[in-house]
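Biologist: Please show me the model, so that we may go through it by question and answer.

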There are 2 protein chains.
Amino acid sequence: MSIHPIEQRRASEAVRAQLIDLIEKGHYKLNERLPSEAELANSFSVSRSVVREALNSLNAFGLTKSYAGKGTFVASTKLNSRMLIGRFLPPHLGEVRRALEVPSARLAAERRGEEDLARLEELVAQFAATEESGRRVKIDADFHIAIAEATGNPLFPRLIADLRDVLQEQALELATIEGRTAQAAREHQAIFDAIAAGDGEAAARAMDAHLEAVAEHTATPADESAKQAKARRQTGS
Amino acid sequence: MSIHPIEQRRASEAVRAQLIDLIEKGHYKLNERLPSEAELANSFSVSRSVVREALNSLNAFGLTKSYAGKGTFVASTKLNSRMLIGRFLPPHLGEVRRALEVPSARLAAERRGEEDLARLEELVAQFAATEESGRRVKIDADFHIAIAEATGNPLFPRLIADLRDVLQEQALELATIEGRTAQAAREHQAIFDAIAAGDGEAAARAMDAHLEAVAEHTATPADESAKQAKARRQTGS
DNA sequence: GGGCGAGTTGCTGTCCGACAACCTGACCGG
DNA sequence: CCGGTCAGGTTGTCGGACAGCAACTCGCCC
């Protein structure tokens, strides 16, 4: 299931793609030191110059960080699109999220395999059973990403996860509102049921309703907005 | 053009930053050829290696494109997400494109202003009137992006334009098939009519049909069945 | 005179060797 | 035991070299 790249004419591009792949697939873990440029050059059978150009690109993307005299270290395990989407406003991000997740749910319902269902079922149960707010948010994210993965299209989980990250970073306190928990759990269950039944239309409707409800609860009433803006400023770290 | 020597920590980073700045600020315009690596190295007072590493990063970001024997050309005046989405397969990209453009059309119908309509109408007319294939592809792209802009959500045009770029780069010769032109023009007209009428549902349906037709003409016959299953439905509301 | 093909030039892609700056760990002398 | 020194490894930068590609020039041949 390796996404085998589009024919690479230039060696530097090929090396860059392979290194990114290795890092994203977890072959090199976070904060781990990569082999030296000389070793990489040797194992890729190219010169050190080519490796350097590739590493330079990774540094530019924030995937790695190089220190003279020490080596090159993994700074992030995934290319994030934060540079790309990080400057947009939460309402815009949420809208795009909805545009992506509704078809994602539909496709997931049509294509999911058995192991997708097993994972989703477990996440639904975990979400309903988890008390602690932070963990529940994480499980919620995993649930939406698992749906996207069930589409078989790797671009869906990638974009949805990134949007989610940025939204969360911008301090939308999701799912912390009183009484919303039980409701969200029911909505998750409905989405899962539709996907399990293979009913794309129903899955799309359920997901849309879910995101609609989320939007309603995060859209800020006038007096709440000041509080949220304040919270947003404090979560700078 | 006063490019004075740099006094920073890493020369390659400084050169990269300056080149990005020059391109984003319009000092080098779209499709313009940059000075050769040797000239840049000279004017920045660094070696060609450093310039090469910087240019390599720009290529990775999609800002420039280098051709052996010709030179390096400005490919985009702003950072895009090529790195993010450039490694996915065309079918996956197309699927996400559809997921985004259908809601984009719906929102555009609901929110478009008068000047949005004027621009769209002009693009529809231009598309129908243009004979030359290359120009028509460009106008087609502009039409889809203009719709996305009419949503008022800047993230839509951004993502849709990037998806489009990557798809085109991966050598899908869109809209070059005989007889497809007139059909595409009619589909564009239908989308425009729905948007002009402010009918979100109709706009979504028209866009979905349009992308369906495009997919049929560009994709392998293998997944026809999946597409037929998808044809009956409509993106949920 | 006109067309055509062989040089010529300029550019990027790749490789090599070298050296400086820097960090780490081991060794050594006190 | 402690502290300083040194050697080795690593990145950062440099300069040079050559192959391959693309575009242009110019002289040769018809």
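Biologist: Which residues come nearest to DNA strand C?

Modeller: This is a predicted model, in which local features need pLDDT of at least 70 and side-chain atom pairs count only at pLDDT 80 or more, whereas totals for chains, interfaces and linings use all residues. Residues are numbered from 1 along each chain as its sequence is written, and chains are lettered from A and ligands numbered from 1 in the order in which they are written. A residue is near a strand if its C-beta atom, placed from the backbone, lies within 6 Å of it. Of the 19 residues around DNA strand C, the nearest are A11(A), V46(A), G69(A), S36(B) and G69(B).

Biologist: Which elements each supply at least two residues of the surface near DNA strand C?

Modeller: Helices (H or I, at least four residues) and strands (E, at least two) are DSSP runs, numbered from the N terminus. Both chain A and chain B contribute such elements to this surface. They are α1 (11-24) and α3 (48-61) of chain A, with α2 (37-44) and β2 (71-74) of chain B.

Biologist: How do the residues near DNA strand C divide into nonpolar, polar and charged?

Modeller: Ala, Val, Leu, Ile, Met, Phe, Trp, Tyr, Cys and Pro count as nonpolar, Asp, Glu, Lys and Arg as charged, and the others, Gly among them, as polar. By these classes, the surface near DNA strand C has six nonpolar, nine polar and four charged residues.

Biologist: Which residues come nearest to DNA strand D, and which elements give two or more residues to the surface there?

Modeller: Around DNA strand D there are 19 residues, of which S36(A), G69(A), A11(B), S47(B) and G69(B) come nearest. The elements that give two or more residues to this surface are α2 (37-44) and β2 (71-74) of chain A, and α1 (11-24) and α3 (48-61) of chain B.

Biologist: Is S45(A) buried or exposed?

Modeller: S45(A) lies in the loop between α2 and α3 of chain A, and has a positive phi of about 60 degrees although it is not a glycine. A residue is buried if 20 or more other C-beta atoms, placed from the backbone, lie within 10 Å of its own, exposed if 12 or fewer, and partly exposed in between. Because S45(A) has 9 other C-beta atoms within 10 Å, its class is exposed.

Biologist: Why does S45(B) count as partly exposed?

Modeller: S45(B) is found in the loop between α2 and α3 of chain B, and its phi is positive, at about 60 degrees, although it is not a glycine. Because S45(B) has 13 C-beta neighbours inside 10 Å, it counts as partly exposed.

Biologist: How many helices and strands does chain A have?

Modeller: From the N terminus on, the elements of chain A run α-α-α-β-β-α-α-α-α-α-α-α-α. The count is eleven helices and two strands.

Biologist: What is the orientation of α6(A) to α9(A)?

Modeller: Helix α6 (residues 114-129) and helix α9 (residues 180-197) of chain A pack with their axes 10 Å apart, at an angle of about 165 degrees. Axes are lines fitted to C-alpha atoms, for helices over the stretch in contact, and angles run from 0 to 180 degrees between N-to-C directions. Angles under 35 degrees count as roughly parallel, over 145 as roughly antiparallel, 65 to 115 as roughly perpendicular and the rest as oblique. Therefore α6(A) and α9(A) are roughly antiparallel.
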